[in-house]
Amino acid sequence: MKTILLFVPDLMFSTRIEDAARSLGYQVASANASADFESVLAQKNPQFVVLTFDRTGNAWERLATAAHNAGVKVFAFGSHMNVAAFKRARELGCDEVVANSRMDSELLKLLQKWTE
């Protein structure tokens with residue numbers, strides 16, 4: 001079964017993402033801020049990573065970098081007010097960066113795009 005690696009501490013978003021991913025036939029693995037992301041990526045071999053840059057300190061940057069270096073696509077989302085994080089996510093090689101509002105309203109459509 002294909003895997004999506006999730007780094008989303010927000011319970012509302014993580015639960016919705018997990019449900020949507022499972023409906024598409026994917027299993028979901030989660031990583032926490034203290035994880036050795038290189039090891040997690042090697043063990044879980046995800047098709048892609050979904051991460052948030054809200055309320056996660058710099059851990060999201062470490063995960064985005066590790067995934068990019070491993071050739072794993074990264075889908076990032078966060079507050080539209082956090083312009084610096086949007087820019088930083090793109091600099092780190094995130095393949096797509098969207099606002100929370102878009103993630104909320106288009107979740108299944110966005111995941112379908114990434115699971116094709």
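Author: Here are some labels and the values behind them. This is a predicted model: local features need pLDDT of at least 70, side-chain atom pairs count only at pLDDT 80 or more, and totals for chains, interfaces and linings use all residues. Residues are numbered from 1 along each chain as its sequence is written, and side-chain values use heavy atoms, with hydrogens and water left out.

Reader: Why is Leu24 called partly exposed?

Author: Its relative accessibility is 26%. Buried means under 20% relative accessible area, exposed over 50%, and partly exposed lies in between (1.4 Å probe, protein chains only). Therefore Leu24 counts as partly exposed.

Reader: Where is Leu24 found, and what does Leu24 touch?

Author: Leu24 is in the loop between helix 1 (11-23) and strand 2 (27-30). Helices (H or I, at least four residues) and strands (E, at least two) are DSSP runs, numbered from the N terminus. Not counting residues up to four places away in sequence, Leu24 touches Leu108, Leu111, Gln112 and Thr115. Contact means heavy atoms within 4.5 Å.

Reader: How do you know that strand 1 and strand 2 pair?

Author: Pairing takes at least two bridges found by DSSP between two strands. Strand 1 and strand 2 have 4 bridges, in the parallel sense.

Reader: What makes a nonpolar core?

Author: A nonpolar core is a set of buried Ala, Val, Leu, Ile, Met, Phe, Trp, Tyr and Cys residues joined through side-chain atoms within 4.5 Å. The largest has 27 residues. Helix 3 gives the most to this core, with 6 residues.
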